[in-house]
Amino acid sequence: MKLLVTGAAGFVGCTLASALAHRGDTVCGLDNFCRAGSETNRDALRSAGVKLVHGDLRNASDLEALGPVDWVIDAAANPSVLAGIDGRSSSRQVVEHNLGGTVNLLEFCKTHRAGFILLSTSRVYSIAPLAQLAVEPVHDAFRPRHDATLPAGLTSAGVAETFSTQAPVSLYGATKLASEALALEYGAAFDLPVFINRCGVLAGAGQFGRADQGIFAFWINSYLRRRTLRYIGFGGQGWQVRDCLHPRDLIPALVQQFSSPALPTEERVANFSGGVSSATSLRQLSAWCEERFGAHPVAADLAPRPFDLPWVVLDHAQATRRWNWRPQTSAAEIFAEIAAHAEAHPAWLDLSSHS
């Protein structure tokens, strides 16, 4: 199988490209190296046998020399929910990178009759009903209240694919949702196999951590280095919850998708996550860090931050039914992997947290 993985020098792209190359696929990786720390993945990709190309998805001409492939796995994006409003990147840049890049990739797929897999996000789901979700703290973590009426598409197992995607979803979420729609339209119009894999919080060793993205890596590295940490919003208790998923756990699903028979459009969109078994609050993560590294105080900041939500866990039941897929790496294993990497790389936080 000849594959193109975009965003190949990022944490997710590097993990997938390397694993697929080790599996025996011919893998070309494309990256513009705009993310701080991405240069560190060059050697790992080359050692895995990945052909690494320096290129920018926003430039269609950068794709022209790559040649035909069987599948494109799009792992390139500005992945921050604060993208376009936090001063790190402009709103136009977010749209050009996350949506314009998708258009160029879809044209590339049309030219070469290649399949397309978009790694999407939980952030395509509507903010308002998630922000208004009735929750209660249990064992230092929020969970939906059992006596509350939950919005359509949400159960105690998490957010399903049928949950609302009505705006607002953030600029980042909107670019990913628009990319999903375009990908499915290209698939239908040009008879291309397309899959949309909506991922929970992807995490693991070597992830580039900031407070607004890569939160598990950021928190563990910061705690180890005794950096200032804050529980923001929600009463400053750190009860807000996310699931976590190691990107290597996506490989079995990707392999099945490569050889999947034709499916209806509605069956080409699926959640992939660690689910409720991996759901962890910041306070619980701090307790894990304290046990491993010793005590370190975490401050409380009562001021809310844009787009923060109390409980976001994706329900992967559809992926389990369709692909017999389940996450293989537990949250505890992910945290231990991140911690071991942090202990071995004292400068990692400085290297990766600025861009």
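Residues are numbered from 1 along each chain as its sequence is written. Because the model is predicted, local features need pLDDT of at least 70 and side-chain atom pairs count only at pLDDT 80 or more, while totals for chains, interfaces and linings use all residues, and side-chain values use heavy atoms, without hydrogens and water.

**The whole chain**

The protein chain has 12 helices and 18 strands; helices are DSSP runs of H or I with at least four residues, strands are runs of E with at least two, and both are numbered from the N terminus. Its radius of gyration, taken over C-alpha atoms, is 19 Å, close to the 20 Å that the globule rule gives for 355 residues, so the chain is as compact as a globular protein of that length. The globule rule is 2.2 Å times the number of residues to the power 0.38. Along the principal axes, the C-alpha atoms fill a box of roughly 55 × 45 × 40 Å.

Of the 355 residues, 55% are buried, where buried means under 20% relative accessible area, exposed over 50%, and partly exposed in between, with a 1.4 Å probe and protein chains only. Among contacts (heavy atoms within 4.5 Å) with a separation of 6 or more, 82% join residues 24 or more positions apart.

The UniProt record, an unreviewed entry, places "domain: NAD-dependent epimerase/dehydratase" at residues 4–257; UniProt annotations may be inferred rather than shown by experiment. Over residues 4–257 the chain is 35% helix and 20% strand.

**The sheet**

Strands of a sheet pair through backbone hydrogen bonds, either parallel or antiparallel. Two strands count as paired if DSSP finds at least two bridges between them.

| Pair | Bridges | One bridge |
|---|---|---|
| E1 (residues 2–6) and E4 (residues 71–74) | four bridges | Leu-3 with Trp-71 |
| E5 (residues 115–121) and E10 | six bridges | Ile-117 with Phe-195 |
| E10 and E15 (residues 269–272) | four bridges | Arg-198 with Asn-271 |

Strand E10 (residues 194–199) has six of its six residues buried, so it is largely enclosed by the rest of the structure. Both of its faces are covered: Val-194, Ile-196 and Arg-198 are buried on one side, and Phe-195, Asn-197 and Cys-199 on the other.
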